[in-house]
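Please keep the sequence and the structure in view while reading.

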Amino acid sequence: MREFHNLYIDGSWTAPAEPAVLELTDPATGRPSGRAALGGATDVDRAVTAARNAFASFSITTAAERVDLLEAIGAEYARRAEDMAQAVTEELGSPLDLSRSLHVPSGQSQFHNAARALRNLDLVEKRGSTWVRREPIGVCALITPWNYPALQPAGKVASALAAGCTVVLKPAQLTPYSAVVLAEILEAAGVPAGVFNLVLGRGSVIGDALNQHPEVDMISFTGSGPVAVGVLTAAAPTAKRVVTELGGKSPQIVLPDADLDTAVNTAVLYALLNSGQTCGAASRTLVPRERQDEFLAALTPAAEALKVGDPHSQGTSMGPVVSAGQWDTVQGYIRKGIEEGARLVTGGPGKPDLPDTLKDGHFVRPTVFADVTNDMTIAREEIFGPVMSVIAYESIEDAITIANDSPYGLCGYVTSGDPQQALAVAERMRTGYVLINDADFDFNTSWGGYKQSGNGREWADFGIGEYLETKSIVGVHA
Ligand code: NAD
């Protein structure tokens, strides 16, 4: 059992002003896994004050000093990698193999990538006697979701610190364990008191106090659209910058000349990764109508071969979804797909066959629907579970139209045997990130969405840019 009863404020581990804890359960067993502090508005105020005080000195550190700090954090992160992996698996239910191979390295890489980007960033540009300076925006509230609990906070913290900002991190209440490990990493790496503060607690309490706080200059929010609207509205009276990274309904276009194995492997990997709880999940698979049967014949056994089970066992490829509430949501979408006439190819409602020890876990059967049309609920709304929707298209033009016919625009995937054609289709996708064939995720570039997938960019120099103000000084003769 994990017991985290403190918040990290102004360089100290300190109890909430009104001590309270949240009981957490293991998603794989439904049994208690630990308890974490629940902060309140007073704690937010203390954390924001600490960040404001620390900003005076941290904002004038040199870029070279911050590069050293980011590298020190990356090195400490590497030392704590196994602790971070265990924390992610316990709170999220992600298979330990996946926590080690994806969650942790993606979090750690953020600090090295930010250091590299900062080394190459020109923070002062001279245009004759006018100097354009890029300066840290100030105190930033970082609000993160539960689905990538190592990556999301790391991306925001790395970019903000690189820029010279001070921060208050409020992670999702379901995933506090990895946030505590991150705070320990930052403390051990020598981040000065007040530069990083961690306030655990409920979104409606901590989030709202941050949204409205007059001493918070910027909010970087990753989460769902409806909550983002509330954040934007609450932040409006203080005119703070609000950067949003929201949901998706990302298409994979399998072009007529695509290699079948590549198409199927990409579909299974990117639709079902992390139990489908990925903002950029390839949850709509667009296949040429004449190849749909062939595609489904290969996709079905691949989905059925996924080993769903105990996240701590070696070889498990899919764990549970994060909570009972998320399980209910996913089941609702599976029922909706059936009601609206999609053809259930494999998976479906209920839990997979698992040992008794896992019977109270939030496991979902990897589910594939075919004959999905793009107006069905399962093609329009983010499910955030292991549910794939296969949509047949008539022509490449038709595929591009279907792909872009979504309120979202986060990610896209193109599978083709012809690199030129793949690129041409990728260029026409209205999404902020596109992967061609079996390319690995690149964390050293920009990440962010078009349309209702958000207005921000994260990672590397693009992420740092969000935390900077631009100032012109005219008439410099120094
Ligand atoms: P959520 O919107 O429910 O919560 C996100 C965060 O906001 C949590 O920390 C939550 O406590 C907090 N929050 C809740 N109410 C708040 C309020 N009134 N003010 C401020 N903060 C508040 O999202 P979730 O369920 O944690 O995460 C899933 C969503 O996140 C999905 O839609 C997913 O696509 C999205 N997501 C997007 C990206 C991206 O990079 N675009 C990455 C990961 C997840």
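## The sheet

Three strands form an open sheet in the order 1-5-4, with mixed pairing. Strands are DSSP runs (E, at least two residues), numbered from the N terminus, as are helices (H or I, at least four residues); two strands pair if DSSP finds at least two bridges between them. Strand 1 (2-4) and strand 4 (21-25) are the edge strands, each pairing on one side only. On average, neighbouring strands of this sheet are turned by 15° against each other, direction ignored.

The model is predicted: local features need pLDDT of at least 70, side-chain atom pairs count only at pLDDT 80 or more, and totals for chains, interfaces and linings use all residues. Residues are numbered from 1 along each chain as its sequence is written, and side-chain values use heavy atoms, with hydrogens and water left out.

## Pairing and packing

Strand 4 pairs with strand 5 (residues 32-37) in the antiparallel sense over five bridges. Within strand 5, Ala37 stands opposite Val21. Helix 6 (residues 176-188) packs on the sheet and touches strand 1, strand 4 and strand 5; contact means heavy atoms within 4.5 Å. The direction of helix 6 makes about 55° with that of strand 5 (axes are lines fitted to C-alpha atoms, for helices over the stretch in contact, and angles run from 0 to 180 degrees between N-to-C directions).

Lys249 lies in the loop between strand 12 (241-245) and strand 13 (251-254). A polar atom of the Lys249 side chain lies 2.9 Å from the backbone oxygen of Ile378. Residues touched by Lys249 include Ser283, Ile378 and Tyr408.

How values were computed: A polar contact is a pair of N or O atoms within 3.5 Å; within protein, one must be able to donate a hydrogen and the other to accept it, and residues adjacent in sequence count only if both atoms are side-chain atoms. Lists of a residue's contacts leave out its neighbours within four places in sequence.
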